[in-house]
Amino acid sequence: MNPDSIHQTNSFYWSTKGNDFLGAIVLPHYGGSISEEKCQLFGDVSGKKMLEIGCGNGQSLQYQGERKASELWGIDISEKQLERAAQHLTSCGLSANLICSPMEEECGIPEDYFDFVYSIYAIGWTTDLEGTFRRIASYLKKDGVFIFSWSHPIHKCVVAENNLLVFNKCYFDESWYSVPLDLAGEGVLTLSDRKLSTYVNALAKAGFVIEQMIEQPDDEIMQSWNDNSGSFAKKAKMLPLTFVIKARKL
């Protein structure tokens with residue numbers, strides 16, 4: 001596993017095709033039919049300093065800005081996404097400090113500064129989970145909150161076949177692999193499916209205590225899928241698609 005190669009591959013994808021992927025994974029949605037409006041993990045953010053890891057095109061930063069956060073910061077691996085974020089936030093009458101860098105690396109983000117660090121479907125891209133969590137802890141004030149969502153690892157292990165759910169991948173396999181994103185082979189992602197325990201243990205090592213974990217989707221959102229007979233919807237009604245963790249810096 002070569003981190004620089006993975007960064008290059010994933011950055012190219014997010015710069016060229018990434019916006020096609022962002023519809024349901026910007027706040028108030030965490031992905032997988034879990035919503036901030038129902039969970040209320042952030043609470044009142046007015047006057048709070050916010051940093052988003054993997055800010056993409058800025059829509060989640062917009063959500064926080066419209067809720068009266070005092071400062072918006074974002075980091076992303078894709079310069080193109082940051083250009084889109086800057087344009088989008090400006091059109092909304094908002095501004096943010098935007099930094100292009102892999103989340104694993106030192107990039108000038110202030111330490112002991114933020115009330116909240118959050119990430120919507122981006123943490124899983126890191127090539128160094130423990131190192132990334134340590135950096136995030138360093139950015140937060142004491143008692144600061146870290147909230148992130150990512151694809152639930154069990155979702156990647158199961159496929160729907162003939163009205164049955166069948167395991168097709170070992171849950172314990174955390175090796176890196178590449179995924180072509182269309183039949184023409186245009187767009188590739190490089191990923192690792194980490195176990196839930198890997199995230200929990202990495203948080204503990206970085207000095208976090210977990211306050212809440214959510215796997216259950218929003219029933220109202222799920223009901224809107226009733227007419228969808230596809231395999232994705234069938235899986236979603238039986239297994240978690242997404243997990244969300246709220247942790248606090250000790």
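The legends below describe close-up views of a predicted model.

Local features need pLDDT of at least 70, side-chain atom pairs count only at pLDDT 80 or more, and totals for chains, interfaces and linings use all residues. Residues are numbered from 1 along each chain as its sequence is written, and side-chain values use heavy atoms, with hydrogens and water left out.

**View A. Helix α4 covers residues 79-91.** Helices (H or I, at least four residues) and strands (E, at least two) are DSSP runs, numbered from the N terminus. The expected span of a helix is 1.5 Å times one less than its number of residues. S78 caps the N-terminal end of the helix. Its side-chain oxygen sits 3.3 Å from the backbone nitrogen of K80. Such a polar contact is a pair of N or O atoms within 3.5 Å; within protein, one must be able to donate a hydrogen and the other to accept it, and residues adjacent in sequence count only if both atoms are side-chain atoms. Just after α4, G93 takes a positive phi of about 75 degrees.

**View B. Helix α4 has buried residues and exposed ones.** Buried means under 20% relative accessible area, exposed over 50%, and partly exposed in between (1.4 Å probe, protein chains only). Q81, L82, A85 and L89 are buried. Seen down the axis of α4, the buried residues fall within an arc of 95 degrees, so they line one face of the helix. The arc is that of the directions from the helix axis to the C-beta atoms. An α-helix has 3.6 residues a turn, so residues three or four places apart point the same way. On the other side of α4, Q87, T90 and S91 are exposed.

**View C. D112 and K249 form a salt bridge.** A salt bridge is a side-chain nitrogen of Lys or Arg within 4 Å of a carboxyl oxygen of Asp or Glu. The count by this rule is eight. In the D112–K249 pair, the closest N and O atoms are 3.2 Å apart. The pair links distant parts of the chain, 137 residues apart. D112 belongs to the loop between β5 (97-100) and β6 (114-120), and K249 to strand β13 (residues 242-249). D112 is exposed at 52% relative accessibility. K249 is buried at 14%.

**View D. D193 pairs with K169 in a salt bridge.** Their closest N and O atoms are 3.5 Å apart. D193 lies in the loop between β11 (188-192) and α7 (196-205), K169 in the loop between β9 (164-167) and β10 (176-180), so the pair ties together parts 24 residues apart in sequence. D193 is buried, with a relative accessible area of 7%. K169 is partly exposed, at 22%. Salt bridges that share partners join K156, K169 and D193 into one network.

**View E. Strand β7 (residues 140-151) is mostly covered.** Nine of its twelve residues are buried. Two strands pair if DSSP finds at least two bridges between them. β6 and β7 pair in the parallel sense over six bridges. V117 stands opposite F146 in β7. The chain runs from β6 through helix α5 (residues 129-139) to β7, a right-handed β-α-β crossover. Right-handed means that, with the strands pointing away from the viewer, the path from the first strand over the helix to the second runs clockwise. β7 and β13 pair in the antiparallel sense over seven bridges. Here F146 stands opposite A247 in β13.
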